[in-house]
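Subject: Handing over the three-chain model

Hi,

Here is the structure I promised to pass on. Have a look at it first, and then read my notes below.

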Amino acid sequence: MSTRSEARAWLAQRLSAAVLAVCVLVHLVTLIVAVRHGLSAEAILGRTRGSVAWTAFYSVFVVAVAVHAPLGLRVVAAEWLGWRGIVANFAWLVAGIALLGLGARAVLAVAL
Amino acid sequence: MMHSGWANRGHAAFWAFVVHRVSGVLLAVFLPLHFLALSQALADAGALDAFLVWTHHPLVEASEIAVVFLLAAHFTGGLRLLLIEFLGWRGEAQKAMLAAAGGGAVFFALMFALNLI
Amino acid sequence: MPAPENQLEVRVWRGGAEGGYQTFQVPRLASQTVLDVVTWIQRHLDASLAYRFACRVGMCGSCAMSVNGVARWTCRTHVEKVCDGERMDIAPLANLPIIRDLVTDMSAFFDKWARAKGQFVPSSTRKDPFALVPPDSRARAAVDAAIECIGCGVCYASCEVVAWNRDYLGPAALNRAWTLVRDVRDAAHSERLAAVSGDAGCHACHTHTSCTERCPKHLSPTASIAGLKRATALAMLKGAL
């Protein structure tokens, strides 16, 4: 990765962090409230199924986290495991795509 | 070359970094499992319910509280970093920010735990 | 065997990277500094001990060493401040290759300074009028807050990211680059922002603040690096980086 790309990766990490700051706050409040009534499929799906707002919210959440998590792990792996270079960077890209896929599947599962 | 010893790492901001990094890694490990669990609902609501029954086990509930704490800690610690990096460093406010981040994380985890139990 | 009450047991690093600690017993004296101890050993016990110092009054930074695992100016460190028992470990600065005993090779430290474009590039000549820079302007205030660095290497030795990331430019080089980024007379702005970007640049800083904690001149490289992060982010958003 060129220093230009590395700098952009850092910026993407911080921008996704800002998005996640909002999403995580909403998520923390939601799950604290939701768990009061007991955690059941009915409770979760009753809220999310067919809801445009919740689908949009979780979609944004998933995209942001699929950017943020692999970029974060990339730095940890480089500093503490010595994983650097083209192969490592490609592996984290693949991990991000995989996380996006799993997350999209989860959003579909609760939205439709 | 010499490596700086642990005596060098006693300050609060370093521990804030450790908490942030460890919580981030653990959350990254948890996340795919979280997505897989929710995807159970793709089959039908019954599949998700079957999974959720399992989560009533006290050990699982304790882990859930731990994950919520990790999320809250990573969130508050991250907010602190965003403030330092983008709004500038204010020396005097450092300790206050760390205290606020720590307190906030504990608050969220506690609220969750109290509602869960 | 523990040292008698008026004596200090001092372990001093000898040799290169594959060396080890050698123990000496040194008389305790009032207001004794760590540099006093090292000098006493070299003059009375072992003339082959290699170490650096110059001004011995806290101005040059040459005497920086690792005392009980923490990087300090030894001329400004009183023994009673760092040694609560009777023992003290003195080692060369961390994160730098050891030449011998307490002397490190500072080349990498200064090479990184150059790689961060830590040199002023003029935008005018002697034929132009003087640059007028109000000292209370925000830009100059930012420069003044970071300009007093004397390149002692304490921050570099204290930084964990320097230890984990061989290419990381480090707090001192980045701090100096920041003073130039905010210098309104400087002409190398975009090259400098490029030089301080990326995994080896300001973006590798995790705000441990070990540098700021340890700087003997009470500078804050963390603040300077945060400034570089903002400057590079702005440049990226404008498409200029």
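The domain assignment of chain C gives domain 1 (7-104) and domain 2 (107-237), with bounds that come from an automatic or database domain assignment. Before you go further: this is a predicted model, where local features need pLDDT of at least 70, side-chain atom pairs count only at pLDDT 80 or more, and totals for chains, interfaces and linings use all residues. Residues are numbered from 1 along each chain as its sequence is written, while chains are lettered from A and ligands numbered from 1 in the order in which they are written.

Back to the two domains. Taken over C-alpha atoms, the centres of domain 1 and domain 2 of chain C are 30 Å apart. Where they meet, 12 residues of domain 1 of chain C are in contact with 14 residues of domain 2 of chain C; two residues are in contact if their C-beta atoms, placed from the backbone, lie within 7 Å. On the domain 1 side of chain C, strand E3 (64-67) and strand E4 (70-73) each supply at least two residues. E4(C) gives the largest share of that side, three residues. Helices (H or I, at least four residues) and strands (E, at least two) are DSSP runs, numbered from the N terminus. By class, the domain 1 side has seven nonpolar, three polar and two charged residues. Here Ala, Val, Leu, Ile, Met, Phe, Trp, Tyr, Cys and Pro count as nonpolar, Asp, Glu, Lys and Arg as charged, and the others, Gly among them, as polar.

Two loop residues of chain C are worth a look. Ser31(C) has a positive phi of about 55 degrees although it is not a glycine, and Thr207(C), also not a glycine, has one of about 60 degrees. You'll find Ser31(C) in the loop between strand E2 (20-27) and helix H1 (34-45) of chain C, and Thr207(C) in the loop between helix H8 (189-195) and helix H9 (210-214) of chain C. Is Thr207(C) buried or exposed? Thr207(C) counts as buried because it has 22 C-beta neighbours inside 10 Å, whereas Ser31(C) is exposed, with 8 other C-beta atoms within 10 Å. The cut-offs: a residue is buried if 20 or more other C-beta atoms lie within 10 Å of its own, exposed if 12 or fewer, and partly exposed in between, with C-beta atoms placed from the backbone.

Now chain A. Its helix H1 (residues 3-36) has 34 residues and reaches 48 Å from its first C-alpha to its last, close to the 50 Å expected at 1.5 Å a residue (the expected span is 1.5 Å times one less than the number of residues). H1(A) bends by about 25 degrees at Leu20(A), the bend being the angle between axes fitted to the seven residues ending there and the seven starting there. Leu20(A) is also among the buried residues of H1(A), which include Trp10(A), Val24(A) and Val35(A). What covers them? The cover of the buried residues of H1(A) includes helix H3 (52-80) of chain A, helix H3 (58-87) and helix H4 (94-116) of chain B, and helix H10 (221-237) of chain C. Just after H1(A), Gly38(A) takes a positive phi of about 85 degrees.

Chains A and B meet through 28 residues of chain A in contact with 28 residues of chain B. On the chain A side, H1(A) gives the largest share, 10 residues. The residues of that side divide into 21 nonpolar, three polar and four charged.

As for chain B, it has four helices and zero strands. The C-alpha atoms of chain B fill a box of roughly 55 × 35 × 30 Å along the principal axes, and 30% of its 117 residues count as buried.

Ala28(B) touches Ala69(A) and Leu73(A), not counting residues up to four places away in sequence. It is partly exposed, with 19 other C-beta atoms within 10 Å.

Cheers
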